[in-house]
Each structure stands twice: as structure tokens, then as C-alpha cells.
Amino acid sequence: MPHRTETDSRKLLRRLRDEMALANPGQERLDRITTIITESMGVDVCSIYLFRDVDTLELCATEGLKPESVHQTRLRLGEGLVGKVARFARPVNTANAPAERGFRYMPETGEEVFTSFLGVPIQRLGERLGVLVVQAKDPRLYTDDEIYGLEVVAMVIAEMTELGAFTGEGTSFATPHQNPAMLRGVTAQEGEAEGQVWLHQPRVVITNLVNDDSRAELLRLEAAVETLRVSIDQLLASAGTRDKDHMEVLQTYRMFAHSRGWMKRMEEDIRLGLSAEAAVEKEQSTARARLERVPDAYIRDRLHDLDDLSNRLLRILTGQGNETGAEMPERPILVARNIGPGELLEYGRKLRGVVLEEGAVGSHATIVARALAIPLVINVPRITTEALNGDHILVDGTEGVVHLRPDDTISSAFRDKMAMQAKAQERYASLRDKPAQARCGTTVSLKMNAGLLADLPSLPNSGADAVGLFRTELQFLVQDRMPKRSDLVANYARVLDAAAQRKVYFRTLDIGSDKVMPYMNRPDEPNPAMGWRALRVGLDKPGVLRMQLQALIRAANGRALSVMFPLVATASEFTQARDTLLREIERERRMGHTLPEKLEIGAMLETPSLAYAPKSFFEAVDFISIGGNDLKQFFFAADRENELVRKRYDTLNVSFLTFLQVIVDRCHETGTDLSFCGEDAGRPVDALALAGIGIASLSMRPASIGPVKSLIRRANLIEVSELIARVQARGLESARPALLDYVAMLVD
Ligand code: PEP
Ligand code: MG
């Protein structure tokens, strides 16, 4: 095989482009490509294998192997040398293929006479599409230039595949993104939704893959990279130095944008005949393929940064913005790699659901999705590469599963499930004005958790007695600057207006841990969940807390006001917080503002220590609200954000229930109002247990009120209490099995 030059490569790419310009059927195009490659590379064989399904490769075209093996020869992922190329997304280059480990002889192809083998992956943005192979009789290794050249050709084939160049009758091959796909992720917000994909960052479409003039193309790339560098410098100049994470990302962008290696590879791609866009995307694809293989979180983050940077560069080169001109579908399901809370809030209630490739259960975006009451599935691998704008999509938030382009059987089963849910919702709606009164006569007060104005439209329909937890920090998190006191006053006043006669328990700022405000300086802490957070910050640096308390008093404007402090660990912390509030009341009085007609001051019990505070503490507080999410993480020493341990310990574990009973008894003894506002309060069986041990007020997300109310109304809390006592007496570890049996026996 003659040594290949840049001119050869460019000629080959141009021939491919010209071939594609002809309106030939898909199979003919594939066949012609193999002929062109064989001729221009001076090899004996060229074959194209494409994925038929996720783990089967099919020989779709060949020049040199027996024609009858086309669409007959199939290999599994990892099988033979071709399967190996596909599995590891790396070239295989050997002078003696039959002697190579993993070689698989396929008699129907007649390939035994060809000794040398070079296979490269056909991949696009980390998505494996197939394998391109050249073979020859003489036993020789291919040079680095030849491998590189073949990768460039493979990239062009990948792009053509994406553009649907090979579809049509007889090809037995569909464009990727046409087949149904079921992708599994993690539940971040339950619920089901059906709709069409709406990509948060639509892909840049590249139509010119091959260049006519490398020199002009190199200049285009240079100019675009210069624009990119300037824009990053501007971003860096305008970013506040306070947001360390943001700064770090921008610094990485800058480093990549000035990277000689990156630039050199793209320049080389262009010299071989690719357009500037195709060169950027080729390097992006390589980075994505690496991303799939690196376990190290730091390196993955950096590769993501490179991916983002490549997208920016592509947008500069093509002039395509996020605005593609496409119209948002009627039932949009947002698909994104990740999204910030502010951006998600901007989409608002238009969205039916959200699917993220990354994300975290406790992230701010998750909190917003909950406020919007839309199903959210996170950590869904490959969703942003698999999904195209407008694709039919089913989101099963409860199971953490996404069906993309589902077939009819899946769609109809899913619709049945949704119909059943809708029926259940109707049943819950009919209970809306009825109390959560158990068969024994005890009534449990059901309240809702909220944190954004977006939550409040659900209040009247939820059947909630009050807003049992209003997480005030969310307003601070969804914007990129510290809100002013007047903003807070307006916001709290609207919350109180929306709640009308119902009480709202405002929780003061609970920042730190997972809730970090980008515009505030934060120390680096080894373990932020147990660090300087919530009330600890409020007491040490009272400026923001005081502003917030003033805003609450003004927003109440004579109405009743309930304030609770988060993460109170000792009685004295509560006393200090209460004194701060009382001082603000006094100050507001002096300034002539109307004071609340009634003021309740409470504490959130989120650390085991507070359960054993002196009796005087229980007498001093107006109410206690158990923050079960935090309390449980500290009780079991299991980080609520850590997927490895998050679900390890059950709320109905007898140790935990016994501990909660201590709190119930202490509140009972002092006549202190007690409520529970962690996520568990919204899980019907857990809620039943909490009510059974004597917690008479439960605060939960609005969608849970119906199911919890329905179960409590069917149950007898005395029986539940006795059942838990029996489980305790028998020394069992969890009350869940017994409770599930009990619930199963209840009549509808
Ligand atoms: C809790 O910890 O249970 C709680 C309600 O507060 P958050 O989830 O906001 O920490
Ligand atoms: Mg908490």
C-alpha cells in the first residue's frame, strides 16, 4: 500500500462527499463508499459494520469480502477483532490478524486470505455506531498516518449515518435515533409523563464535513478560536471571584482554549480534508469516548468542560445558537445534561417532565422540579446523545426509567398506568375537604412543604391544612445575586397572600451543606453537612438572618407569623435565635412598622442532641418540627446525598422509631406542638407509622397529601401503635414488614 499523503486523504474525502451528493439509495451509497476507500487506500478489502442493536454488529457493505455475506455476517460486541474495536472504541492494527488474540474466523466472508487488518470505530459524540475495516493480503502494519486517515473517514461516515444517508430499503439498517430505547436512571421526583423531547441545548448540525480549501478552513478555525478565547476572557472578567466553582470551570475553559495539543489535532484533521466544524466534532467525539471510560470524577469533569467548550466553538463556527427555530412541542419533556435551578424555573410549568444525564437527588434543580411537581429522572446515561428534539418520550419518574421512541406495546402499557394514577388522583381529590381522620377517631394534620411561589398554586387543591415548611433558601438559590430586603418582603407577602387563612411556617435560611449560594463566600469544609450551615451561619454572621427576619415581620404586616430555625443543636442556640428575632420585633416596633398579631417561634429538631435538651427548652419553644431528612442522616451516620448509603437505613427501623418516640414523649410531657417535615412524611406507610407513634402533624410535598390522607382514613392508629409495640417487644429490626401486612389488609 503506498504511503498516503494529505492530498490522498483530501481526495478521498471529496470523493465521498460527491458520492453522497448523488441521490442514490442507502445500500448503494454504502457499497460505493467501500469501493472508493479500497481504491484510494490501495487495500484489498474495505468493510462497514454497523450496529443492528446495542450489542450486535452487522456487515452492511464490503468491497473485497464475499458479497453474499453482506447482512448475513453478524458479530456480538467484543466478538472477533471487529467486536473488539467496537467494545473498546479503539483501533486494532495488526499485520497478522489470524494470529491475533480474539480473532474469529468467519468462513462465509472468505477473509482467510487477508492477513493485515486495520479497524477503527465509527462513532459520533461518544455514541458507537459501527466499525470501519480495511484488510490486505500482504502482512504489514498500518502507519500512524494511515490510522489517523481512516479515523477521519470513519468520522465522516458517522456524520452521514446521523444525517440518515444510509437508510432505505434493503439496508436493514435504520438511522440511529430511530429505534426504541429504554434508559434507566435514578428517581429524583416521582410521577409519570408522556410527551416530546425538548433539548435544553440542541445539537449543532454539521452539514459541510469536507473542506475544499484547507488553508481557508484553517483560518476559519483560527478566527473562531480567537473569538472563543476573547469570550472566555470576558466571562472571567465579569464572573465574581466569589463563586469558586464557576471560576474553576472558566479557568479550565481558558486552559483548553489555549491548548496547543487540541489546536494541533484539529489543524491536522483539517489538513486531511475535514471542515473546521467536523474537526472540532471529531476531537469532541474522542473526548466523549474517553469520558465513558474514565472513572476519576475530576478528569470526567474536565472532559465535560472540554465538551462544553467544543459546543461553544461549534456554535461560533456555524452561527447556530440554542435557538434552532424549532417550536416547543405541546407536551415538552426537557432533556439536558444538567440544568441550573434558575433555568429550570424559567421553563416553569410548561414542562411535563425532566430527564437529566447527570444531576443529584439533593440538587437545586431537583428541588425546583419538585416545586413544579413534574417527574424528574436523573443520571440517565447517554440521554442527550440518544434523544432528538421532538422524539416521543415516556418518563416514569417513579421507577426512574425513560422510554425513548417507545413502541406501541410500551406506550399503551404506560398509558394504562397513567390512567390508573389519574383515577387514584380523582379519588384523592374527592377527599380534599375531608380530614385525615383515622378509624380510631384521631385526626392528623396534613400540611405541605413549599419553597417557591411556584409551589403555591397547588395549595388550595392539595387539601393541606397549612404550609408546614417553607424553605426560604430556595429564593436565594435560584438567582445569581443576593436578594434585597424589599425582594424578600414582596416574596413573603405573596406567600402569605396565597396561603390566605392557612398558616405558613417560614424556616429561616438553611444554607451550607448541599445548598450553596454562588454569590456568597464559603469556606472549604471537609464535611459540609456537619459544618458551618443553617442556624450556625445565622448566629455567627447575623446580617442576612436579621434582614430576613425584618422582611418576614414586614411581610406579615399585622398577620400571624410562624418562624422556625433550622438545625438547632442545643437549647442555647435556640435562645440566641429567638432573642435575635425578638430584638428585630422591637426594632420594627420602634420604626413604626405593624407587628404580627401573633408570633410563634419554633425549632427544627434535626440533630439527636436536641432530643435530650433540658425540659426548659421544650417549654420555651412554641413548636418543634422534626427535619427527618437530616435527623435520619445523623442518627444512622449515613449521608443523605450519598447514593452508596442513602437508602441503606430504613425510617421504620425500630431504633429510629424508638428514638422518635422519645421526642414524642418529651413534647407530650411539656405540651409542645410537634410536627414532622422530612420526605418520609410523604410516604404513606411511613406516615402511618409516624402518626401511629403519636406525631399528629405531618408536612409533605403536595402530591403526597392525597395518598397519605387516604391511607390514614382507612387505618386505626391504635392498632398501628400496638403493632409497632409488638415489633419492638419481639426485638425485630424493622416495623416495615408488619406494617405492610397491616396495610394490605385494610379495606378500600
Ligand atoms: C429535613 O432535613 O428533613 C428538612 C425538612 O429540611 P431539608 O430537607 O431542607 O434539609
Ligand atoms: Mg434539614
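**View 1. Ligand 1 and its polar contacts.** A polar side-chain atom of glutamate 606 lies 2.8 Å from an oxygen atom of ligand 1, a polar contact being a pair of N or O atoms within 3.5 Å. Taken alone, ligand 1 exposes 290 Å², and the protein buries 99% of that (Shrake-Rupley areas, 1.4 Å probe). Arginine 507 also places a polar side-chain atom 2.8 Å from a ligand oxygen, while a polar backbone atom of glycine 628 is 3.0 Å from an oxygen of ligand 1. This is a predicted model, in which local features need pLDDT of at least 70 and side-chain atom pairs count only at pLDDT 80 or more, whereas totals for chains, interfaces and linings use all residues. Residues are numbered from 1 along each chain as its sequence is written, chains are lettered from A and ligands numbered from 1 in the order in which they are written, and side-chain values use heavy atoms, with hydrogens and water left out.

**View 2. The shell around ligand 1.** Here are 14 residues, of which Arg471, Arg507, Glu606, Asn629 and Arg640 come nearest; each has a heavy atom within 4 Å of the ligand. By class, 7 are charged, 4 polar and 3 nonpolar. Helices (H or I, at least four residues) and strands (E, at least two) are DSSP runs numbered from the N terminus.

**View 3. The magnesium ion, ligand 2.** Meet its protein donors, Glu606 (OE) and Asp630 (OD), at 2.0 to 2.1 Å. The pair links distant parts of the chain, 24 residues apart: glutamate 606 sits in the loop between β20 (599-605) and α20 (608-611), and aspartate 630 in helix α22 (residues 628-636). Donors are N, O and S atoms within 2.8 Å of the metal (3.2 Å for Na, K and Ca); water is not among the atoms, so sites may look incomplete. Glutamate 606 is buried at 2% relative accessible area, and aspartate 630 is buried at 3%. Buried means under 20%, exposed over 50%, and partly exposed in between (1.4 Å probe, protein chains only).

**View 4. Two asparagines with positive phi.** Asparagine 379 has a phi near 55 degrees, lies in the loop between β12 (376-378) and α12 (383-386), and is partly exposed at 30%. For asparagine 557, phi is about 45 degrees; this residue is in the loop between α18 (543-556) and β19 (561-568) and is exposed at 51%.

How values were computed
Polar contact = N/O pair within 3.5 Å; in protein donor to acceptor, adjacent residues only side chain to side chain. Nonpolar A, V, L, I, M, F, W, Y, C, P; charged D, E, K, R; others polar.
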